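Reader: Could you walk me through this model and tell me what stands behind the labels?
Author: Gladly; let us look at it together.

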Amino acid sequence: MLFRIDPTAGEPLFAQLATQVRLGVARGDLAVGERLPSARELATSLDLNVHTVLRAYQDLRDDGLIDLRRGRGAVVTERAGADFATLRDAVAAVAAESRALNLSPETTLALLKEALS
């Protein structure tokens with residue numbers, strides 16, 4: 001999986017990394033048992049501080065999407081292997097309805113966050 005960050009974005013770098021892994025899991029790009037790059041390797045390739053990558057990995061661990069083990073690195077967990085097809089279809093329907101109503105992405109996200117809380 002190719003990771004990209006945008007240092008000029010308002011979202012923190014660790015959050016950008018975590019979001020990319022979450023999307024990779026939801027899309028099926030990352031399989032159960034797949035190893036992610038080591039924190040040091042990923043930090044070097046993206047020119048980041050290793051603690052930034054570790055923060056992203058810790059957030060993903062806290063969500064149950066990866067398992068962190070010394071010597072093994074970060075591995076995608078069984079929980080991440082859930083079938084997200086139904087959820088992807090529902091999100092696509094929400095996006096289509098939002099576009100039909102000419103809602104901004106920010107408004108759509110605010111409505112979705114409200115529904116999730």
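This is a predicted model: local features need pLDDT of at least 70, side-chain atom pairs count only at pLDDT 80 or more; totals for chains, interfaces and linings use all residues.

Reader: How do you know which helices supply the lining of the largest pocket?
Author: Helix H1 (13-27), helix H4 (85-100) and helix H5 (105-116) each supply at least two residues of that lining. H4 gives the most, with eight residues.

Reader: What makes up the lining of the largest pocket by class, nonpolar, polar and charged?
Author: The lining divides into 15 nonpolar, four polar and six charged residues.

Reader: What lines the second largest pocket?
Author: Its volume is about 210 Å³. The lining residues include Pro37, Arg40, Leu54, Tyr57 and Ala74. Helix H2 (39-46), helix H3 (50-62) and strand S2 (73-76) each supply at least two residues of this lining, and H3 gives the most, with four. By class, the lining has seven nonpolar, three polar and one charged residues.

Reader: Why are S1 and S2 called a pair?
Author: Two strands pair if DSSP finds at least two bridges between them. Strand S1 (residues 66-69) and S2 have four bridges, in the antiparallel sense, so they count as paired. Arg69 stands opposite Gly73 in S2. The hairpin of S1 and S2 has three residues between the strands, and Gly71 takes a positive phi near 90 degrees there.

Reader: What makes the phi of Asp47 worth a look?
Author: Most residues other than glycine have a negative phi. Asp47 is not a glycine, yet its phi is positive, about 60 degrees. Asp47 is placed in the loop between H2 and H3.

Reader: Why is Asp47 called exposed?
Author: Exposed means over 50% relative accessible area. Asp47 has 72% relative accessibility, so Asp47 counts as exposed.

Reader: And what is the phi of Asn102, and where does Asn102 lie?
Author: The phi of Asn102 is near 60 degrees, a positive value in a residue other than glycine. Asn102 lies in the loop between H4 and H5.

Reader: How do you know whether Asn102 is buried or exposed?
Author: Buried means under 20% relative accessible area and exposed over 50%. Asn102 has a relative accessible area of 68%, so Asn102 is exposed.

Key. Residues are numbered from 1 along each chain as its sequence is written. Side-chain values use heavy atoms; hydrogens and water are left out. Ala, Val, Leu, Ile, Met, Phe, Trp, Tyr, Cys and Pro count as nonpolar, Asp, Glu, Lys and Arg as charged, and the others, Gly among them, as polar. On a 1 Å grid over the protein atoms alone, a cavity is a set of points where a 1.4 Å probe fits but cannot get out, and a pocket is an open set with protein on both sides within 12 Å along at least five of seven lines; lining residues have an atom within 4 Å of a point. Grid points are joined across faces, edges and corners, and a volume is the space filled by probe spheres set on the points. Buried means under 20% relative accessible area, exposed over 50%, partly exposed in between (1.4 Å probe, protein chains only).
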